[in-house]
Amino acid sequence: MYPNGSVLSLVLTLHSLELPETTIYPAFIFGLTTYLFILLCNLTIIITICMNRNLHKPMYILLLNLPINDAMNATSLFPHLLYSIWSQDRSISYPACFLQGFFAHLNGGASYLILTAMAYDRYIAICCPLRYGAIMTTNNLGKIITGMWLLNFFLIIVVFSLLLPYRICQTHMTDLVCYKTALMKLLCDGTEVNNIFGLSCIIFYHGLSFSVVAFTYIHILITCVTNKQSDAKIKALQTCGTHLVVFMLLEFNTLFPLISHRSEFVPAFLRRVFSISNFIFPPLVNPLVYGFKTKEIRQKMFTCFKNKKISIF
């Protein structure tokens, strides 16, 4: 049993990566390449939106939060994971593990709130186009972005604060990542309170986002069916299709790990694999989907690349 005062010096052991010695260097190179590619893709979207005034619209300002969040999400995993692959050392201090779990949940919650805000923006733009300028003003947009981040910070701070009063009984973790559920398994007691509030937050994030997305998409679909302008209909469906792909990917990558942690029927290997999928696939796929499927961003990216190429020669 480890008293509360000693947690700052406490060293935990994450589950072994179980890599054969011959695969250590290829795994490190693959992991480093993946991380750098994720940063490159997300930074490209960020720079493209920031550098082009034509993209300074509510839809793209809301979208800007997604690559920022995805880059932070990947960064909360990859540096320590790469160090572990290289050194084959799976130890991590409790404060570092606590921070990794905090940012993992913070970024996960932010993804849901960002996509929820984007769904609302598309609903106003497509279903109430004449009121869009009056509703999605700069002031209201700032309130939406500030509000969703403050709400997210508050909920995740409360979630992780509930871990602090309880003593730790073990230092070996059964997961590859410091999720809150993995940290809870280290506690001697207090798991009931943490479980109840944790499940309440899960229901809130998933319930809110699913309800808003379902409501907006039903109304958008009705508007598209009744709209006689084929060009406007196609553009609306393309924009919403991109958003829906990203939302469904997020749902799959978060719900399965959450369910698997609370089920004894899911193999431990699958649980560990999916525990890191949310740090890899959304940050990797999201910028590719928005970069290549959103016409305005794609055009601006190609224009910037072309201008840079010409200036070099």
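Mentor: The discussion below turns to helix packing and then to a pocket.

Mentor: This is a predicted model, in which local features need pLDDT of at least 70 and side-chain atom pairs count only at pLDDT 80 or more, while totals for chains, interfaces and linings use all residues. Residues are numbered from 1 along each chain as its sequence is written, and side-chain values use heavy atoms, with hydrogens and water left out.

Trainee: Why is α2 called roughly antiparallel to α4?

Mentor: Helix α2 (residues 58-75) and helix α4 (residues 94-127) pack at about 165 degrees, their axes 9 Å apart. Axes are lines fitted to C-alpha atoms, for helices over the stretch in contact, and angles run from 0 to 180 degrees between N-to-C directions. Angles under 35 degrees count as roughly parallel, over 145 as roughly antiparallel, 65 to 115 as roughly perpendicular and the rest as oblique. The α2 and α4 pair is therefore roughly antiparallel.

Trainee: Which residues make the contact of α2 with α4?

Mentor: Contact means heavy atoms within 4.5 Å. Among the residues involved are Leu62, Leu66 and Met72 of α2, and Ala110, Ile114 and Met118 of α4. By class, this contact of α2 with α4 has 12 nonpolar, five polar and three charged residues. Here Ala, Val, Leu, Ile, Met, Phe, Trp, Tyr, Cys and Pro count as nonpolar, Asp, Glu, Lys and Arg as charged, and the others, Gly among them, as polar.

Trainee: What makes α4 and α8 roughly parallel to each other?

Mentor: The axes of α4 and helix α8 (residues 191-226) come within 9 Å and cross at roughly 20 degrees. The pair is therefore roughly parallel. Their contact includes Leu113 and Tyr120 of α4 and Val212 and Phe215 of α8, and its residues divide into 13 nonpolar, seven polar and one charged.

Trainee: What makes a space a pocket?

Mentor: On a 1 Å grid over the protein atoms alone, a pocket is an open set of points with protein on both sides within 12 Å along at least five of seven lines, and lining residues have an atom within 4 Å of a point. The second largest pocket is lined by 21 residues, with Leu17, Leu19, Leu81, Leu176 and Ile276 nearest its centre. Helix α10 gives the largest share of that lining, eight residues. By class, the lining has 14 nonpolar, five polar and two charged residues.

Conventions:
1 Å grid on protein atoms, 1.4 Å probe; cavity = no way out; pocket = protein on both sides within 12 Å on 5 of 7 lines; lining within 4 Å. Helix = DSSP H or I, 4+ residues; strand = E, 2+ residues; numbered from the N terminus.
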